[in-house]
Amino acid sequence: MHRRTISEISHSKRVRCELNPILFFASRRSFTIGGEGVDDPPYADVPRPCSRKSERKPYPTPMKILIRRAKEEREARKAQPCKVLEDPPDNGLLVPELIGVAHQVYQAQQSLLHGIRKLIDVIPVQRCRFCFEVHIGRVGHDIRTCSGPKSGLRSAKHVWRKGRVEDVVYFPKCFHLCDRVGKPRVGHDERFNVQRIPAILELCIQAGVDLVKYPTKRRTRPVYCIEGRIVDFEPDKEKDEMRRNLEESDLGTKTEEMKRDSNSQELSHFLKHSNNGEEMSLKELSTTTLESWIQMISGAKRILDKYSVQTCGYCPEVQVGPKGHKLRMCKASKHQSRNGLHAWQEATMDDLVGPNYVWHVQDQDRSTLDNSLKRYYGKAPAVVELCVQGGAPIPVQYRSMMRLDVVPPERDEVDLVA
C-alpha cells in the first residue's frame, strides 16, 4: 500500500515544533492515496445493520444487473417459448461436483453443534435479557449498546443472564420443499402442513443430502420451460424407480447417522477420561469446532453460488429455493402495502447462518471491557471467540476484524491518546 506523509504545519507552528518535538510528531498525519493496485484497508469492520427499521437490506447484486438479466430472460422466452433447461440445478437435476460438498457441510454443521454444547459447559456465555447482545466470558462487558425496552432508564447498560447454544450461532428456519422445481412456493394456507427446518439443512438437502425425515424428489431427466412455466414429462415408471432408490439411499444415510452418533459418544467419553488433562482436551475440542465452522461456511458459500436462497429485505425470514413463499406474515416496515407478503431478494451468507458478532477479549485476566475504550476493541463471530478462548488458534480471515495489533490503553490514559 503506497503511503505519502504530509506535514500539515504552518510556518508559525514549525518554530514551536523545534522547541517541542512532541507537538511536531503529533501534528503529522498519514494519508492513503487511492488508485489502482491499492490493497484492502488495514481493518475489516463488522457488517453494520440497517440504521433504521424502514431501511431495506442492501442488494448483493446491483439492481441494474438484475434488470438487465430480467430483460434478457424475457427476450429469450419470446424467441423460444418451449425449451429444455440444460443447466443444473434450474432443470431439477443435482450439480455433481456439489454433492460431496453438501455432505461435508451437513457433517460440519452437526459437529459444530456438538462442539458448542460441550464448550459452553466450560466457557460461560452471557446473553442480555432485553436485546440480542452476547458476550463470551464469565462477566459481561460494560459497553452501553443495549437497545431493548427501557434501555434509556438503564443508560443503555446490558442486564446479563446465562446464554445457550442458540445465542452462539443462529440457524434460521425455512420451509422444506419436497419438489424445489415442480412446487417451489408454499401458500399461506399450507403453512401448518409443511415442515420448517434450519435453512442450512434445507440447502444441503437440495444439494444432494438424503434424509429419512425430510424426503425430496430426485429427477433423472431435465424439466421443460414453456412460456415461463416448469413442465415435467417424466414417466410414472421412472418415478417409482426413483422412490425405490430414494428409500435405499435413506437406509444408507440412516446407517451413516448411527455411525456419527457413535463417534460423538466416543468423543464425549474421551473428554471425560482423557489422560492428558482437561486443558489438552479443551484445546483439541476448540480446534475441531473451529475447523467445523470454517468448513461449513466455506462449503455453504460454494453451494450458494449455484443454489438460490431468498431472504426478506425488511425481516430475517429466509427461504431456500428459486422463489420465496407466499405467507402473509411479514410485520416489518411497509408490510401493509405488500398485504403482509415478504419483499424477497437474494440472500447472503449472514442471512443463512447468523454469526452473532461479539466483542473480542484479548486478556482474560483484565477487568471488563470499558465503554470509553470500545473503539480500540475488535469483534468476531461468537463461535470464533468461543473457540479462541478455549485455546484454538486464531484464523487468518478474522485477524483484522479482531484488532489483534491494537493495544487498548488504560482508563486513566484515554485523554492522553491521540
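**Salt bridges, cores and backbone**

Biologist: What makes Lys 183 and Glu 190 a salt bridge?

Modeller: In Lys 183 and Glu 190, the closest N and O atoms are 3.0 Å apart. A salt bridge needs a side-chain nitrogen of Lys or Arg within 4 Å of a carboxyl oxygen of Asp or Glu, so this pair qualifies. This is a predicted model: local features need pLDDT of at least 70, side-chain atom pairs count only at pLDDT 80 or more, and totals for chains, interfaces and linings use all residues. Residues are numbered from 1 along each chain as its sequence is written, and side-chain values use heavy atoms, without hydrogens and water.

Biologist: Is Lys 183 buried, partly exposed or exposed, and what of Glu 190?

Modeller: Buried means under 20% relative accessible area and exposed over 50%, with partly exposed in between (1.4 Å probe, protein chains only). Lys 183 has 44%, so it is partly exposed. Glu 190 has 29%, so it is partly exposed too.

Biologist: How many salt bridges does a search of the whole structure find, and what does the one between Lys 57 and Asp 351 tie together?

Modeller: The search finds 6. In the Lys 57 and Asp 351 pair, the closest N and O atoms are 3.7 Å apart. Lys 57 is in the loop between strand S2 (28–32) and helix H3 (63–79) and Asp 351 is in helix H9, so the bridge ties parts that are 294 residues apart in sequence. Helices (H or I, at least four residues) and strands (E, at least two) are DSSP runs, numbered from the N terminus. Both Lys 57 and Asp 351 are buried.

Biologist: Why is Arg 219 called buried, and which residue does Arg 219 bridge to?

Modeller: The relative accessible area of Arg 219 is 10%, so it counts as buried. Its partner is Asp 179, with the closest N and O atoms 2.8 Å apart. Asp 179 has 16% and is buried as well.

Biologist: Which residues touch the most other members of the largest nonpolar core?

Modeller: That core has 59 residues, and Ile 116, Trp 293, Met 296, Leu 352, Val 353 and Leu 386 touch the most other members. Elements giving two or more residues include helix H4 (96–119), helix H8 (278–304) and helix H10 (382–389). H4 gives the most, with 10 residues. A nonpolar core is a set of buried Ala, Val, Leu, Ile, Met, Phe, Trp, Tyr and Cys residues joined through side-chain atoms within 4.5 Å. Another core, of 8 residues, lies apart from it, and Trp 359 is one of its members.

Biologist: What makes H10 largely enclosed by the rest of the structure?

Modeller: Of its 8 residues, 7 are buried, so H10 is largely enclosed. The buried ones are Ala 382, Val 383, Val 384, Glu 385, Leu 386, Cys 387 and Val 388. Just after H10, Gly 391 has a positive phi of about 115°.

Biologist: Which residues other than glycine take a positive phi?

Modeller: Ser 155 is one of them, with a phi of about 60°. Ser 155 has 41% relative accessibility, so it is partly exposed. Asn 339 is another, with phi near 60°. At a relative accessible area of 56%, Asn 339 is exposed.

Biologist: What kind of peptide bond joins Pro 88 and Pro 89?

Modeller: A cis peptide bond, with omega about 5°. Pro 89 is in the loop between strand S3 (82–84) and H4.
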